Amino acid sequence: MKLLKWCLVILLCAYLGQYLLALVLPNLVMELLYQRGGVKQAYNTLYIKPRADETSREIVRPSPDLFYGSCIYNLAEGPLLIEAKVPERYWSMQFYQMNTDNYAGMSNRRDEHYRIGTLVRVILIGPGSNPKDYSGEVIQSPSQRGIVLLRASGIGEPSGAIAALEQSRCGPV
């Protein structure tokens with residue numbers, strides 16, 4: 001009977017512990033990424049990463065077929081303007097909050113095919129801001145801090161993707 005009680009207690013702790021771990025771990029991972037990224041690049045600016053190879057581990061299992069740009073943001077000082085030229089091949093802009101949730105995104109595929117060749121201008125605002133105060137494409141972040149990740153295809157002739165990323169920017173409005 002005593003062994004059965006211990007087994008039940010251990011199972012109950014394991015069951016509850018998995019939920020605690022699922023709540024805490026994503027925040028810890030993103031906090032580490034945020035702090036490390038802040039050492040390599042200034043906050044609220046776009047950083048274009050060199051092409052991934054077998055030693056690249058800033059992003060978990062990065063694809064050597066993609067070019068990456070990132071903007072680690074802190075909206076405490078106000079909204080950001082993110083501009084990106086959209087190339088013909090695959091391109092995406094994804095927004096992540098501090099618990100690793102992807103809360104918004106856009107690409108040049110499927111229903112958003114019309115974006116090819118355009119300059120996307122997004123105003124990123126904080127959780128306490130009113131989207132009606134801004135014009136154009138407005139995305140409201142559910143957290144004050146987070147990361148915007150730009151990806152462009154590097155398959156074939158990569159000059160169009162590199163040029164598109166180099167013409168992109170992230171900074172105060």
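1. Basis. This is a predicted model, in which local features need pLDDT of at least 70 and side-chain atom pairs count only at pLDDT 80 or more, while totals for chains, interfaces and linings use all residues. Residues are numbered from 1 along each chain as its sequence is written, and side-chain values use heavy atoms, with hydrogens and water left out.

2. Fold. The protein chain contains 2 helices and 9 strands; these are DSSP runs, numbered from the N terminus, with helices being H or I of at least four residues and strands E of at least two. Their order along the sequence is α-β-β-β-β-β-β-β-β-α-β. The protein chain is more spread out than a compact globule, because its radius of gyration is 20 Å, well over the 16 Å that the globule rule gives for 173 residues. That radius is taken over C-alpha atoms, and the rule is 2.2 Å times the number of residues to the power 0.38. Along the principal axes, the C-alpha atoms fill a box of roughly 70 × 45 × 35 Å.

3. Of the 173 residues, 35% count as buried (under 20% relative accessible area; exposed is over 50% and partly exposed is in between, with a 1.4 Å probe and protein chains only). Contact means heavy atoms within 4.5 Å. Among contacts between residues at least 6 apart in sequence, 67% join residues at least 24 apart.

4. Lys-85. This residue is found in strand β3, residues 80-85, and is partly exposed, at a relative accessible area of 34%. Leaving aside neighbours within four places in sequence, Lys-85 is in contact with Trp-91, Thr-118, Leu-119, Ala-164, Gln-167 and Ser-168. Ile-125 is 40 residues from Lys-85 in sequence, and their C-alpha atoms are 21 Å apart.

5. Ser-141. The loop between β7 (137-140) and β8 (145-153) holds Ser-141, which is buried, with a relative accessible area of 1%. Residues up to four places away in sequence not counted, Ser-141 touches Tyr-73, Leu-75, Tyr-103, Leu-124, Ile-125, Gly-126 and Pro-127.

6. Polar contacts of Ser-141. The side chains of Ser-141 and Tyr-73 are joined by a polar contact of 2.9 Å. Such a contact is a pair of N or O atoms within 3.5 Å; within protein, one must be able to donate a hydrogen and the other to accept it, and residues adjacent in sequence count only if both atoms are side-chain atoms. A polar atom of the Ser-141 side chain also lies 2.5 Å from the backbone oxygen of Ser-143.
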